[in-house]
Amino acid sequence: MKEMWSEDTSKALKRCNYLFGEIDRVYHEISLKLGLSDSAMKILYTICDNGSRCLLQNVCRQSGLSKQTVNSALRKLETEGFVYLESVSSKNKRVCLTETGKRLGERTAGRLIEAENAIFASWSQEDVEKYLSLTEMFLKDLENRAKNM
């Protein structure tokens, strides 16, 4: 197969993939350390990031988890008394933290959110904006290219 990319581009992509993998690894280790599965952490994080309740469809979209994974993890969290579902309309449900769930969220996802906020607070506003801008540009370009695959 003909080489389509320069050596610099290939190295950059490898570095990018390595960094994404390492970031995922750190989040996984944090979840384990705090006694949660990755999916439970992502769901609690999403709900906590939205207050103490979040539309079910937004939990799926914002957590990056499949609908099936979210439903499975929510059943477990609901059985354990951490969340409950309420109907918003005939098609929409909202995931809400119970009082026990709020305490769990504070000592797990809340701590993670605090750590992330501390990282951004330690960066210059220019660096934060650059990071977010480049990440958003990468996402939009990837979405556009995905349409043509």
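In this predicted model, in which local features need pLDDT of at least 70, side-chain atom pairs count only at pLDDT 80 or more, and totals for chains, interfaces and linings use all residues, Leu-56, Val-59, Cys-60 and Ser-63 of helix 3 meet Lys-67, Val-70, Asn-71 and Leu-74 of helix 4, where contact means heavy atoms within 4.5 Å. Residues are numbered from 1 along each chain as its sequence is written, and side-chain values use heavy atoms, with hydrogens and water left out. The protein has 7 helices and 3 strands, these being DSSP runs numbered from the N terminus (helices are H or I with at least four residues, strands are E with at least two). From the N terminus on, the elements follow the order α-α-β-α-α-β-β-α-α-α, and the C-alpha atoms fill a box of roughly 55 × 40 × 25 Å, taken along the principal axes.

**Helix 3 with helix 4**

- Helix 3 (residues 56-63) packs against helix 4 at an angle of about 115 degrees, and their axes are 10 Å apart; axes here are lines fitted to C-alpha atoms, for helices over the stretch in contact, and angles run from 0 to 180 degrees between N-to-C directions.
- By class, the contact of helix 3 with helix 4 comprises 5 nonpolar, 2 polar and 1 charged residues, where Ala, Val, Leu, Ile, Met, Phe, Trp, Tyr, Cys and Pro count as nonpolar, Asp, Glu, Lys and Arg as charged, and the others, Gly among them, as polar.

**Helix 2 and its two partners**

- Helix 2 and helix 3 also pack at an angle of about 115 degrees, with their axes 9 Å apart, and the crossing of helix 2 and helix 3 is right-handed.
- In this pair, Lys-42, Ile-43, Thr-46 and Ile-47 of helix 2 meet Asn-58, Val-59, Gln-62 and Ser-63 of helix 3, and the residues of the contact divide into 3 nonpolar, 4 polar and 1 charged.
- The axes of helix 2 (residues 38-49) and helix 6 (residues 109-122) come within 9 Å and cross at roughly 70 degrees, which makes helix 2 roughly perpendicular to helix 6; on this scale 65 to 115 degrees counts as roughly perpendicular, under 35 as roughly parallel, over 145 as roughly antiparallel and the rest as oblique.
- The contact is made by Met-41, Leu-44, Tyr-45, Cys-48 and Asp-49 of helix 2 together with Ala-109, Leu-112, Ile-113 and Glu-116 of helix 6, and by class it has 7 nonpolar, no polar and 2 charged residues.

- The 3 strands form an open sheet in the order 1-3-2 with antiparallel pairing, where two strands pair if DSSP finds at least two bridges between them.
- Strand 1 and strand 2 stand at the edges and have a single partner strand each, so one side of each is left without a neighbour in the sheet.
- Neighbouring strands of this sheet are turned by 25 degrees against each other on average, direction ignored.
- Helix 4 (residues 67-79) packs on the sheet, touching strand 2 and strand 3, and its direction makes about 110 degrees with that of strand 2.
- Strand 1 (residues 53-55) is joined to strand 3 (residues 93-97) by 3 bridges, with Arg-53 partnered by Cys-96 and Leu-55 by Arg-94.
- Strand 2 (residues 83-87) is joined to strand 3 by 5 bridges, and the two form a hairpin with 5 residues between them.

**Helix 1**

- At 1.5 Å a residue, the 27 residues of helix 1 (residues 7-33) should span 39 Å, and its end C-alpha atoms are 39 Å apart, which agrees; the expected span is 1.5 Å times one less than the number of residues.
- Just after helix 1, Gly-35 takes a positive phi of about 80 degrees.

Methods:
A crossing is left-handed if the near helix is turned anticlockwise from the far one by less than a right angle, and right-handed if clockwise.
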